[in-house]
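Subject: Structure handover

Hello,

Please find the structure below. My notes on what was found in it come after.

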Amino acid sequence: MKPPRFEYARPESLEEAVALLAEGEDAKVLAGGQSLVPALNMRLLRPSLLVDLGRVRGLDRIEARNSSVAVGARVTQRAFAESPLVPPLAAEALPHVGHYVTRNRGTVGGSIAHADAAAELSLCLVVLGGSVVTNRRTIPAEEFFVGHFTTALEPGELVVETLWPRLDGWRFAFEEFAQRRGDYGLSLVAVALRLEDGVVAESRLGLASVTDRPTLVADAEAVESLELWGNLHASPDYLRNLTRILVARAVARAAA
Amino acid sequence: MTHLELTVNGRRYREEVEPRLLLSDFLRHTLGLTGTHVGCEHGVCGACTVHVDGLATRSCLTLAVQVDGAEVETVEGLTRDGALTALQQAFHEHGALQCGFCTPGMLMAAADLLARGRPTREEIVDMLSGQICRCTGYEPIVRAIEQAAAS
């Protein structure tokens with residue numbers, strides 16, 4: 001339960017960080033470390049080099065930009081939750097991210113880049129139609145998540161910030177069921193609705209943890225035909241029923 | 001080896017450490033501050049919780065080199081004059097510990113919560129979901145934190 005040996009670098013600029021990443025093929029990026037360090041402790045990972053973003057300038061800002069909120073990669077989950085700019089959907093989801101104490105160091109960019117299929121922030125970013133800005137390009141969130149722990153990031157590519165559309169005038173709800181508070185959720189549902197005269201004019205509905213990545217579905221009916229992941233704790237049938245219930249709750253709450 | 005300079009409980013330290021050394025092991029083995037306990041070593045149990053620059057932090061999920069330049073506070077630093085803090089006194093009065101293994105982490109996490117303002121019972125219980133007590137003494141722990149919040 002101790003990390004294996006690795007080389008350690010603490011660059012002060014983004015350029016330096018990218019150059020270091022290009023050096024080692026199995027180099028890993030360290031931000032808050034709340035997912036990476038457990039994986040090192042359990043020796044699930046043995047990177048030759050850790051590139052610590054702790055001192056890279058300019059990655060800890062949250063700012064309004066056009067109709068979105070731009071969140072620097074190293075903004076902690078706590079700072080995001082406490083920011084007056086936090087999108088309402090993310091504000092609902094953030095108390096479910098890890099535990100109270102891990103949110104003090106766990107980062108928004110780290111959670112996105114880690115791409116756990118049960119990650120709350122990844123689901124919210126997809127449902128809001130957000131995007132991931134890297135040192136090279138801007139990737140729509142829907143294309144960024146490729147599978148469990150797998151993203152569209154290429155070697156030498158680094159998450160710099162995420163863009164969260166405000167969707168002014170929309171209503172939101174987030175629902176999650178976990179066996180114990182702070183555990184990975186068995187099923188996660190997020191919804192964004194725009195009402196006109198009390199009728200849904202536009203909607204975005206997304207699921208996570210039951211599929212290998214945050215997944216947008218057309219409507220509640222689509223849950224019936226979706227291929228779901230079973231796991232040690234719950235069969236696909238159980239998860240489908242659970243997800244039906246969470247979708248109904250989320251939609252009813254957002255529309256109320 | 002990487003150079004590390006930091007403050008722990010108000011005292012300055014300069015050490016050379018391996019990058020892979022966890023903050024929990026640095027505190028316990030290098031500095032001899034064994035008040036910080038190590039349970040699961042993957043961030044689930046909360047026994048190793050300390051403060052880094054005022055924020056509760058899992059020391060087993062933090063490399064010592066990451067806290068270079070930081071101010072770290074451990075359970076030994078909660079009080080400098082031998083008297084108990086209001087939170088420690090409340091734990092004492094409510095019998096909020098049995099074996100005591102989880103207590104240092106409980107105190108450090110609760111101190112962070114109390115520093116944010118007066119928490120509701122629900123917020124206390126939610127925070128405690130990340131601090132595991134296997135003597136299952138949660139009820140007295142919740143009451144102790146409630147009392148400290150009210151004082």
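Across the interface of chain A and chain B there are eight salt bridges, a salt bridge being a side-chain nitrogen of Lys or Arg within 4 Å of a carboxyl oxygen of Asp or Glu. This is a predicted model, in which local features need pLDDT of at least 70 and side-chain atom pairs count only at pLDDT 80 or more, while totals for chains, interfaces and linings use all residues. Residues are numbered from 1 along each chain as its sequence is written, chains are lettered from A and ligands numbered from 1 in the order in which they are written, and side-chain values use heavy atoms, with hydrogens and water left out.

Over all chains, the structure holds 30 salt bridges. One of them pairs Asp112(B) with Arg78(A), at 3.4 Å from N to O. Asp112(B) sits in helix 3 (residues 103–115) of chain B and Arg78(A) in helix 3 of chain A, so the pair joins two chains. Helices here are DSSP runs of H or I with at least four residues, strands are runs of E with at least two, and both are numbered from the N terminus. Another salt bridge links the side chains of Glu18(B) and Arg5(A), at 3.2 Å from N to O.

On the side of chain A that touches chain B, helix 2 (36–41), strand 3 (49–52) and helix 3 (77–82) of chain A each supply at least two residues. Helix 2 of chain A gives the largest share, three residues. By class, this side has 13 nonpolar, seven polar and eleven charged residues.

As for contact (heavy atoms within 4.5 Å), 31 residues of chain A meet 33 residues of chain B. The area buried between the two chains is about 2,700 Å², with 52% of that from carbon and sulfur atoms; buried area is the accessible area (1.4 Å probe) that two parts lose on being put together, summed over both. Tyr100(A), Val101(A) and Arg105(A) supply 24% of the area that chain A buries against chain B, more than any other three residues.

There is one cavity of 30 Å³ or more, where a cavity is a set of points on a 1 Å grid over the protein atoms alone at which a 1.4 Å probe fits but cannot get out. The lining residues (an atom within 4 Å of a point) include Tyr100(A), Arg103(A), Asp126(B) and Ser129(B).

Regards

Terms used: 1 Å grid on protein atoms, 1.4 Å probe; cavity = no way out; pocket = protein on both sides within 12 Å on 5 of 7 lines; lining within 4 Å. Points joined across faces, edges and corners; volume = space filled by probe spheres on them. Nonpolar A, V, L, I, M, F, W, Y, C, P; charged D, E, K, R; others polar.
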